[in-house]
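Welcome, and please open your viewer next to this text. We will go from stop to stop, with something to select at each one.

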Amino acid sequence: MNAPTTFPTPTDRETIAALFDLPFTELVFRAAEVHRAHHDPARVQRATLLSIKTGGCAEDCGYCSQSTFAESGLKASRLMDVDAVLAAAAEAKAAGSERFCMGAAWREPKDRDMAAIEAMVTGVKALGLETCMTLGMLTDEQADRLAGAGLDYYNHNLDTSPEYYGEVISTRTYADRLETLARVRRAGINTCCGGIVGMGETRADRVGFLHALATLPEPPESVPINALVPVAGTVLGDMLADTPLAKIDDIEFVRTVAVARILMPRSIVRLSAGRESMSDMTQALCFLAGANSIFTGDRLLTTGNAGGDADAALFARLGLNADTIQTTAGAAG
Ligand code: SAM
Ligand code: DTB
Ligand code: SF4
């Protein structure tokens with residue numbers, strides 16, 4: 001048997017573009033090799049999302065149902081009570097989830113909300129779950145407070161390439177995003193940073209997006225790859241309905257996951273939003289190409305998700321997370 005071939009991890013756009021251009025089977029094969037060298041290929045982490053503050057957001061992200069610029073009909077609500085959040089987390093834990101991700105539709109948190117946010121972090125951790133928060137831009141002081149509460153991960157996405165960003169969002173810049181990511185890092189919190197494909201970006205933008213992630217001062221520990229969930233009343237959701245924008249091709253989506261895996265070998269790559277409209281086979285290809293986390297449960301933040309029963313059936317069908325199965329896994333981490 002031949003020893004696995006190793007390829008250096010590329011950090012320039014040309015080499016990353018060349019990876020995307022590989023024959024599909026060769027690209028997935030290389031990604032699977034990288035995956036096996038660093039992770040157990042038969043284990044997929046389950047994370048659960050909760051929208052702790054929904055709607056009424058001042059940002060104009062063209063994909064988002066929660067922006068005040070969208071006409072999605074979503075009713076804005078206030079920050080949830082700590083007890084209600086902890087009850088939802090306990091349910092997620094009982095359903096087998098490992099990480100609990102709390103999302104707020106804020107441009108940035110207000111200092112008056114920070115005490116409740118800290119209580120959510122400590123309470124969810126006490127249940128034995130990993131904690132993740134996504135609250136928008138942070139000051140240094142807010143990042144330190146989250147770290148002090150014991151927050152494990154902060155999600156803050158770059159979303160797309162620096163070149164395409166302005167086509168999707170005008171109320172903040174790529175540099176703003178990078179600044180918050182640096183604050184999170186400096187505070188000692190793990191970063192969860194990824195983006196969305198299928199927003200009308202080109203292959204070159206997907207190259208630029210993954211290049212930006214992989215060349216951060218330190219690669220993100222978690223990399224969510226979302227497929228656009230079209231929401232009526234949002235700029236991008238309406239473009240998809242009126243067909244100037246086509247749904248991302250499944251093969252191109254798997255290629256994106258595979259390149260992310262190759263560029264960030266040790267990170268958790270999460271097959272995030274968009275699974276509801278993906279076949280089991282496409283999801284299986286994503287797992288083969290190195291995705292090793294999903295959002296489970298029947299809701300994401302405001303849109304539907306495949307749900308616990310569907311996920312249990314998928315995992316059983318694919319033999320994932322069956323503790324009895326021995327694999328040729330490398331050490332995780
Ligand atoms: N307000 C915070 C922020 O934007 O950083 C946190 C919540 S926001 C909803 C978290 C992420 O969800 C966004 O960065 C985006 O990548 C993703 N997202 C939002 N709407 C989406 C959609 N319709 N389809 C796919 N991903 C979406
Ligand atoms: C991420 O990258 N995907 C999650 C999480 N981070 C917070 C959010 C997906 C949201 C999908 C649209 C919705 O349900 O509103
Ligand atoms: Fe607000 Fe986040 Fe939605 Fe953008 S993605 S509109 S920042 S909730």
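Begin with ligand 2, which has 13 residues around it; Asn157, Asn226, Leu301, Thr302 and Thr303 are the closest. Keep in mind as you look that this is a predicted model.

Now show the side chains here. Asn226 places a polar side-chain atom 2.8 Å from an oxygen atom of ligand 2. Click on Thr303 next: one of its polar side-chain atoms also lies 2.8 Å from a ligand 2 oxygen. Then pick Asn157, where a side-chain N or O atom is 2.8 Å from an oxygen atom of ligand 2.

Select ligand 1 and its surroundings: 15 residues, the closest being Thr134, Asn157, Asp159, Arg177 and Val229. At Asp159, look for a polar side-chain atom 2.7 Å from an oxygen of ligand 1.

Last, colour helix H8 (residues 203–214) and helix H10 (residues 250–263). How do they pack? Their axes are 10 Å apart, at an angle of about 25°, and H8 and H10 are therefore roughly parallel to each other. The crossing of H8 past H10 is right-handed.

Show the side chains between them: from H8, Arg203, Arg206, Leu210 and Ala214 meet Glu252, Arg255, Thr256, Val259, Ala260 and Leu263 of H10. Five of these contact residues are nonpolar, four are charged and one is polar.

Conventions. Residues numbered from 1 in each chain as written. Chains lettered and ligands numbered in written order. Predicted model: local features only at pLDDT ≥ 70, side-chain atom pairs only at ≥ 80, totals over all residues. Heavy atoms only, no water. Axes fitted to C-alpha atoms, helices over the stretch in contact; angles between N-to-C directions. Helix = DSSP H or I, 4+ residues; strand = E, 2+ residues; numbered from the N terminus. Parallel < 35°, antiparallel > 145°, perpendicular 65-115°, else oblique. Left-handed = near helix turned anticlockwise from the far one by under 90°. Contact = heavy atoms within 4.5 Å. Nonpolar A, V, L, I, M, F, W, Y, C, P; charged D, E, K, R; others polar. Near = heavy atom within 4 Å. Polar contact = N/O pair within 3.5 Å; in protein donor to acceptor, adjacent residues only side chain to side chain.
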